[in-house]
Amino acid sequence: MDISSYFFSTLLVTTIVLTLLFSLVLANFFGVWLRAKIADASVPFSKLIGMRLRRVPVGLIVDNRITALKAGLEADTDLLEAHYLAGGNVTHIVLALVAADKADITLSFNRACAIDLAIKGTSKTVLEAVRTSINPKVIDCPSPSTGKATIDAVACDGIGVRVRARVTVRSNLDRFVGGATEETIIARVGEGIVTAIGSSLSYKDVLENPDRISKVVLGKGLDSGTAFEILSVDIADVDVGENVGAKLQVKQAEADKVVAQAKAEMRRAAAVASEQEMKAKTQEMRAKVVEAEAQVPRAMAEAFRSGNLGVFDYLRMKNLQSDTHMREAIAESPLSEGNKQ
């Protein structure tokens with residue numbers, strides 16, 4: 001093969017390879033490029049190829065750029081691509097910016113990206129935040145997810161009151177990043193309702209003026225530090241609950257009764273112990289008497305020996321004892337009992 005033939009063959013192969021590459025690029029990016037071109041949001045082929053090499057969905061970036069430009073917003077493909085690579089939702093960002101711009105709400109691209117990344121992994125989206133900022137959202141208090149239908153509180157007269165409230169809130173985009181969520185709003189409103197009812201002298205005051213609860217709750221500034229601004233707290237339902245005060249009094253009376261019974265039992269046990277102690281002392285005294293009586297014969301013997309007691313004295317003493325025993329026997333006989341009757 002001569003040099004001219006070799007050069008021609010090489011040129012032919014190179015041309016074919018370049019043609020195939022060009023055809024491949026056209027097959028992959030021509031549709032997207034043409035769509036962007038027609039929408040006056042053209043993106044160079046070099047950027048399209050770069051996004052594909054970085055595994056960024058080209059169609060997603062271009063379509064969102066078109067949406068933003070058609071809405072009159074600037075949308076650089078590099079910024080959209082960077083947010084996608086950071087794990088953000090590009091579509092929500094663009095739609096949120098468009099919604100905020102149409103509603104004349106100040107929202108920069110960086111703040112929207114920060115909100116989107118901050119709530120990543122939750123059920124919320126930056127688009128929802130903007131929409132809630134435009135159209136206020138109504139939150140039920142208590143939350144149905146807790147399984148409770150009402151907030152139960154007790155007035156000063158001991159009567160329970162059941163309340164169901166609806167809280168209208170609007171997203172505060174300036175505090176959305178780092179602000180407390182709906183759960184905090186619900187908890188604070190519930191606490192405010194319990195406090196307002198608890199400070200009422202009677203449950204009748206609550207039934208007559210349910211708006212008093214709303215005024216007290218709104219006056220506490222419950223949306224401080226949250227991602228929302230409370231617009232209103234409406235009492236949807238008020239009902240009379242149980243007489244908690246009476247139940248507490250009954251339980252207190254039962255508790256006092258148990259305490260009194262315990263104290264009485266303590267006194268009875270002390271009396272029984274004292275009785276047993278007195279019986280023991282009586283036995284002790286009887287033992288001492290028997291011991292003393294045992295000394296009498298010995299003393300009499302000593303008296304005989306010393307001459308202080310004579311035989312006649314001893315006989316008179318025995319006669320006196322016999323007479324005493326006879327009188328006692330007569331007194332204890334059944335005949336004596338019959339005469340008494």
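Predicted model: local features only at pLDDT ≥ 70, side-chain atom pairs only at ≥ 80, totals over all residues.
Mentor: Helices (H or I, at least four residues) and strands (E, at least two) are runs taken from DSSP, numbered from the N terminus. Residues are numbered from 1 along each chain as its sequence is written, and side-chain values use heavy atoms, leaving out hydrogens and water.

Trainee: Why is Asp-104 called exposed?

Mentor: Buried means under 20% relative accessible area, exposed over 50%, and partly exposed in between (1.4 Å probe, protein chains only). Asp-104 has a relative accessible area of 71%, so it counts as exposed.

Trainee: What makes the phi of Asp-104 worth a look?

Mentor: Most residues other than glycine have a negative phi. Asp-104 is not a glycine, yet its phi is positive, about 60°. Arg-55, in the loop between α2 and α3 (58–70), also has a positive phi of about 60° without being a glycine. At 74% relative accessibility, Arg-55 counts as exposed.

Trainee: What makes Trp-33 and Phe-45 a stacked pair?

Mentor: Rings of Phe, Tyr and Trp (its six-membered ring) pair if their centres lie within 6.5 Å; planes under 30 degrees apart count as stacked, over 60 as edge-to-face and the rest as tilted. By this rule the count comes to four aromatic pairs. For Trp-33 and Phe-45 the centres are 5.3 Å apart and the planes 20° apart, so the pair is stacked. The pair links distant parts of the chain, with Trp-33 in helix α1 (residues 3–38) and Phe-45 in helix α2 (residues 45–53), twelve residues apart. Ring pairs also join Phe-30 with Trp-33 and Phe-45 in a cluster.

Trainee: How do you know whether Trp-33 is buried, exposed or partly exposed?

Mentor: Its relative accessible area is 23%, so Trp-33 is partly exposed.

Trainee: And why is Thr-226 called buried?

Mentor: The relative accessible area of Thr-226 is 0%, so it falls under the cut-off for buried. Thr-226 sits in the loop between α10 (211–218) and β4 (228–243). Contact means heavy atoms within 4.5 Å. Beyond its neighbours within four places in sequence, Thr-226 is in contact with residues including Arg-175, Gly-179 and Ala-180.

Trainee: Which peptide bond is cis?

Mentor: The bond joining Cys-141 and Pro-142 is cis, with omega about 5°. Most peptide bonds are trans. Pro-142 lies in the loop between β1 (137–141) and β2 (151–154).
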